[in-house]
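Please consult the sequence and the coordinates alongside the text.

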Amino acid sequence: MMNRGFRDSTPFSYPTSLSTSCSSGVCMMSSTWRDEQHPCFLNFISCFLNGNSFRLNIVPIAPDFIFNCGGLSVAFMFLTNWDGIDTESFFRKVQKLKEQFANFYVVITLPTKEQNDSLIYSYIKYRMQLGRPTFVPVRDLEMGFEKIVKIAHARGACKRQDALTKIKAEKEKSVQAMEIYLQVVTSIPGVDSHGANVLNQTIGSIEAIAKSSKEYLLETTDLSPTTAETITSFFRDPKFYLAPKIG
């Protein structure tokens, strides 16, 4: 298939937030889709991906492209020529891939109003659900591929940000848990912050400390016999564990 509307341009420039010092991800291209494209367009794709630190693999896959970026897979159908296609087969494939991929987009080159109107008619005819998947009409091939890479990168960036947010939340939760642990353990008479940290590293949880004998505490920590005796009494004698208050 000979693609029309290909234009020469300099490589697309991403916002400064996109680092090109390391790999941005992997782009898998369908071998079937590749065989239908003009060599000039394939050369543009290769240069564009290389310039933006994506590794290109040619593989026999059902979508035209799958991008693995930031731990997220995003699939695309890229229809480079709307004229003369079998719309029934096309939309059947769209529906099938929609069920297989959670992140799926359909990019179509529609340089004329007539082609755009034809797509809208077919979209309604085959009862497509709005936004499932998202259709992205573009004016030409180069713009279409730029859109594909921008979408893949944006989704990957969101995924990375979600992961960082989760890690930060878990870290804050861990810090809060440690603060509570220190408050409880240092409420035991004779146990300071050092002793609490020693118990955390050697014994572990408050439950484990409560079950430990004096002999075991002396064997596994550098606490004094008096402190070890106080800890065991604290968890066994009501006059100890009912007296201290956490400040």
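The sections below treat a helix, a set of aromatic rings and a pocket.

The structure is a predicted model, and every value quoted here is computed from that model.

**Helix H2**

Helix H2 covers residues 39–51. Its 13 residues, at 1.5 Å a residue, should span 18 Å, and the end C-alpha atoms are 18 Å apart, so expectation and model agree. Phe41, Phe44, Ile45, Phe48 and Leu49 are the buried residues of H2. Viewed down the axis of H2, these buried residues fall within an arc of 125 degrees and therefore line one face of the helix. Pro39 and Asn50, on the other side of H2, are exposed. Just after H2, Ser53 adopts a positive phi of about 65 degrees.

**Aromatic pairs**

The structure contains 18 aromatic pairs. Two of the pairs are set out in the table.

| Pair | Distance between ring centres | Angle between planes | Class |
|---|---|---|---|
| Phe54 and Phe67 | 5.6 Å | 80 degrees | edge-to-face |
| Phe65 and Phe67 | 6.4 Å | 35 degrees | tilted |

The pair of Phe54 and Phe67 is edge-to-face because the planes of the two rings stand at 80 degrees, where the class requires over 60. Phe54 belongs to strand S2 (residues 54–59) and Phe67 to strand S3 (residues 65–69), so this pair ties together parts that are 13 residues apart in sequence. Both Phe54 and Phe67 are buried. Phe67 has a relative accessibility of 0% and therefore counts as buried. Phe65 is likewise buried, with a relative accessible area of 0%.

One aromatic cluster is formed by Trp33, Phe41, Phe44, Phe48, Phe54, Phe65, Phe67, Phe76, Phe78, Tyr105 and Phe145. Among these members, Phe41, Phe44 and Phe48 are also buried residues of H2.

**The largest pocket**

Rolling a probe the size of a water molecule over the atoms shows where empty space is left. In this model the largest pocket holds about 340 Å³ of space. Its lining comprises 19 residues, and Trp33, Glu36, Asp64, Leu79 and Lys93 are the ones that lie nearest the centre of the pocket. Trp33 is also one of the members of the aromatic cluster.

Which elements each supply at least two residues of the lining of the largest pocket? They are helix H1 (31–35), strand S4 (72–79) and helix H3 (87–100). By class, the lining of the largest pocket consists of nine nonpolar, six polar and four charged residues.

Definitions and conventions
Residues numbered from 1 in each chain as written. Predicted model: local features only at pLDDT ≥ 70, side-chain atom pairs only at ≥ 80, totals over all residues. Heavy atoms only, no water. 1 Å grid on protein atoms, 1.4 Å probe; cavity = no way out; pocket = protein on both sides within 12 Å on 5 of 7 lines; lining within 4 Å. Points joined across faces, edges and corners; volume = space filled by probe spheres on them. Helix = DSSP H or I, 4+ residues; strand = E, 2+ residues; numbered from the N terminus. Nonpolar A, V, L, I, M, F, W, Y, C, P; charged D, E, K, R; others polar. Expected span 1.5 Å × (residues − 1). Buried < 20%, exposed > 50% of the residue type's maximum accessible area, 1.4 Å probe, protein only. Arc of directions from axis to C-beta. Phe/Tyr/Trp six-rings, centres within 6.5 Å; stacked < 30°, edge-to-face > 60°.
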